[in-house]
Amino acid sequence: MTSSHDAPDPNSTRSETAQRLNTALEAAGMAPLEPTLASRFPAYLSLILRWNTRINLTAIRDEEGIISRHFVESIACARALPSGIGTLLDFGSGAGFPGLPIALCRPEIAVTLAESQGKKAAFLQEAVRILGLSTRVLAARAESESRLYDCVVLRAVDRMPEAVKTAATFVREGGWLVLMTTEPEVASLQSAAESSSSGPAFIWSPPIPLPGSAERIISFGQKIAPDFRPESNNSDPN
């Protein structure tokens with residue numbers, strides 16, 4: 001007979017997971033999360049692991065991989081986002097990266113998670129409930145959306161060039177298109193965004209390296225009016 005003293009303590013397990021996340025952030029050269037915020041990520045991790053046994057949420061299925069790749073990259077994105085963003089669309093959210101960590105780390109931003117696959121959208125709804133967020137889940141193709149956003153972000157979306165072309169149309173004038181991609185792919189994705197319309201274009205900032213990879217980057221493009229074409233194409237997102 002197993003003693004109750006032999007059962008793992010859920011509070012201790014959550015604390016250990018939060019500490020592992022902060023250790024991963026520090027290993028990536030990033031500041032750790034404050035304890036209250038870090039303590040919210042273990043419930044998200046646990047939910048991903050449970051649902052990933054039934055549906056293909058993410059190809060990375062081990063705890064350390066999810067922490068070091070998905071969580072750390074998404075937190076890096078949240079921290080790099082320009083100030084003054086009030087609304088954000090995570091286009092093709094999947095398992096909620098980077099939208100849910102952005103919602104946790106940047107509570108001043110109203111995040112919408114767009115996911116057309118029903119089972120993944122159901123996961124996102126459950127994650128929002130478990131995490132106690134007011135984040136909106138758009139359980140439909142993003143093309144059905146009628147709003148414009150201060151920021152639209154894409155990460156690991158199927159048919160990325162086509163997705164970027166569509167996502168660019170949801171960025172308001174003066175807003176930001178954020179691409180989490182690789183150095184070899186960024187130029188073609190930026191071109192896809194520029195081809196989204198014959199009107200507004202984007203000013204692209206120098207890419208920001210993502211931790212843990214020699215190639216992965218974040219690229220920021222600010223949407224400008226068609227009559228504004230500065231000679232320089234560099235803009236500082238902050």
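This is a predicted model: local features need pLDDT of at least 70, side-chain atom pairs count only at pLDDT 80 or more; totals for chains, interfaces and linings use all residues.
The protein chain has 238 residues, and 51% of them count as buried.

**The overall picture**
- You'll find eight helices and eight strands in the protein chain.
- The chain exposes about 11300 Å², with 51% of that coming from carbon and sulfur atoms.
- Searching the whole structure turns up nine salt bridges.

**Arg216 and Glu73**
- These two side chains form a salt bridge, with N to O at 2.7 Å.
- Arg216 sits in strand 8 (residues 216-224) and Glu73 in helix 4 (residues 63-80), so the bridge links distant parts of the chain, 143 residues apart.
- Both Arg216 and Glu73 are buried.

**Asp150 and Arg172**
- Asp150 pairs up with Arg172 in another salt bridge, and their closest N and O atoms are 2.4 Å apart.
- Because Asp150 is in strand 4 (residues 149-155) and Arg172 is in strand 5 (residues 171-182), the pair ties together parts 22 residues apart in sequence.
- Asp150 has 14% relative accessibility, so it counts as buried, while Arg172, at 32%, counts as partly exposed.

**Arg129 and Glu126**
- The side chains of Arg129 and Glu126 also meet in a salt bridge, at 2.7 Å from N to O.
- They are three residues apart in helix 6 (residues 118-131), which means about one helical turn separates them.
- Arg129 counts as exposed because its relative accessibility is 55%, and Glu126 counts as partly exposed at 23%.

How values were computed
Residues are numbered from 1 along each chain as its sequence is written. Side-chain values use heavy atoms; hydrogens and water are left out. Helices (H or I, at least four residues) and strands (E, at least two) are DSSP runs, numbered from the N terminus. Buried means under 20% relative accessible area, exposed over 50%, partly exposed in between (1.4 Å probe, protein chains only). Accessible areas come from the Shrake-Rupley method with a 1.4 Å probe; for residues, only the protein chains shown count as cover. A salt bridge is a side-chain nitrogen of Lys or Arg within 4 Å of a carboxyl oxygen of Asp or Glu.
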